[in-house]
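Here is a short report on a predicted model.

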Amino acid sequence: MASCSRQHLAEPERKINMHFTKTSGWLDWCASPVKPDFKLPPNAVDAHCHVFGPGDKFPFAHERKYTPCDASWEQLFALRDHLGFARNVIVQATCHGSDNRALVDALIHSEGRARGVATVRHDISDDELQVLHEAGVRGVRFNFVKRLVDFTPRDELKRISERIAKFGWHVVVYFEAADLPELWDFFTDLPTIIVVDHMGRPDVSKAVDGPEFQLFLRFMRENPNVWSKVSCPERLSVTGPNAVNGERAAYRDVIPFAREVISQFPDRVLWGTDWPHPNLKGHMPDDGLLVDFIPWIATTPALQQKLLVDNPLRLYWPEETGASPCR
């Protein structure tokens with residue numbers, strides 16, 4: 001695997017985690033990303049990223065399926081500035097379970113420039129939800145990828161969605177394309193906006209106009225409260241090329257899928273780096289080159305403005321836009 005051997009970000013080096021041993025074969029995030037060629041529009045939002053630990057301050061959950069490297073808010077915000085983003089949406093990582101302390105700490109230190117998506121248990125109190133809201137949490141995540149999380153009864157998830165709806169929060173769902181038929185009725189019964197991670201992880205070796213991806217497009221078309229992140233091409237690509245070694249036209253097999261979602265639903269799409277890219281196999285992308293993927297899928301300035309600025313601000317900072325996210 002090629003390494004990122006360029007000038008390091010100016011923030012502190014990643015710490016060695018003294019309390020946890022990383023999962024065997026774990027790939028650390030690229031510490032030396034290039035500057036993107038693509039200039040992000042003002043107020044652009046990285047709408048899907050994470051923080052891990054540091055484990056000596058915010059221990060990882062005992063029920064976790066993996067143990068990552070540390071990836072602090074200092075390092076995330078240094079990357080934000082390096083790439084040219086103005087804001088972040090930080091999604092709770094499964095390695096922290098329902099302990100949102102690392103997420104909340106990052107939100108507090110962002111000084112209003114980050115919002116969060118938490119993981120909560122069905123027995124969380126209203127007071128605890130209010131504390132999360134005041135810190136900047138605006139959604140909860142339901143993960144249905146079996147290799148990452150244990151099964152949670154759907155009646156518990158439904159109760160959570162009903163309780164967070166009164167805060168104006170939304171539900172982020174992570175699933176794989178083959179599971180959408182079985183999850184369809186549950187999703188359509190949720191009382192909030194639904195944001196789908198990574199286009200529902202389509203199999204990009206199949207046709208864009210094939211039945212699997214067309215079902216996902218139908219899901220969005222028939223449910224106007226459903227949004228999608230067109231992120232993580234590094235997780236979806238089969239043939240590449242990968243975003244390493246200066247490749248600024250990476251993951252070409254993913255481009256038609258993301259373009260289709262953006263063209264059909266320009267007001268309900270988001271994009272994020274997925275930094276620090278948990279559980280990747282084979283290669284670790286250069287985040288600067290990942291940013292250069294954006295104009296390949298959002299091909300006009302108007303689409304880029306919606307994807308990177310208008311849509312995430314409407315969903316996560318509606319008080320600034322005066323516009324409703326619209327269920």
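Beyond its neighbours within four places in sequence, arginine 80 is in contact with Phe85, Ala86, Arg87, Asn88 and Arg113. Arginine 80 sits in helix H1, which spans residues 73-83. Is this arginine buried or exposed? Its relative accessibility is 7%. Buried means under 20%, so arginine 80 counts as buried.

Next, the core. The largest nonpolar core holds 103 residues. Ile90, Phe187, Val230, Val261 and Trp271 touch the most other members. Helix H11 (residues 301-316) supplies the largest share of this core, six residues.

Take valine 261 from that group. Leaving out residues up to four places away in sequence, valine 261 touches Met199, Phe213, Phe216, Leu217, Met220, Ser228, Val230 and Val269. Val230, one of these partners, is also among the core residues that touch the most other members.

Now the helix pair. Two packed helices are described by the angle between their axes and the distance between the axes. Helix H4 covers residues 154-165 and helix H5 covers residues 180-188. Their axes lie 11 Å apart, at an angle of about 40°. H4 and H5 are therefore oblique to each other. Their crossing is right-handed. The table lists the residues that make the contact.

| Helix | Contact residues |
|---|---|
| H4 (residues 154-165) | Arg154, Leu157 and Lys158 |
| H5 (residues 180-188) | Glu182, Leu183 and Phe186 |

How do the residues of this contact divide by type? Three are nonpolar, three are charged and none is polar.

Methods
Residues are numbered from 1 along each chain as its sequence is written. This is a predicted model: local features need pLDDT of at least 70, side-chain atom pairs count only at pLDDT 80 or more; totals for chains, interfaces and linings use all residues. Side-chain values use heavy atoms; hydrogens and water are left out. Helices (H or I, at least four residues) and strands (E, at least two) are DSSP runs, numbered from the N terminus. Buried means under 20% relative accessible area, exposed over 50%, partly exposed in between (1.4 Å probe, protein chains only). Contact means heavy atoms within 4.5 Å. A nonpolar core is a set of buried Ala, Val, Leu, Ile, Met, Phe, Trp, Tyr and Cys residues joined through side-chain atoms within 4.5 Å. Axes are lines fitted to C-alpha atoms, for helices over the stretch in contact, and angles run from 0 to 180 degrees between N-to-C directions. Angles under 35 degrees count as roughly parallel, over 145 as roughly antiparallel, 65 to 115 as roughly perpendicular and the rest as oblique. A crossing is left-handed if the near helix is turned anticlockwise from the far one by less than a right angle, and right-handed if clockwise. Ala, Val, Leu, Ile, Met, Phe, Trp, Tyr, Cys and Pro count as nonpolar, Asp, Glu, Lys and Arg as charged, and the others, Gly among them, as polar.
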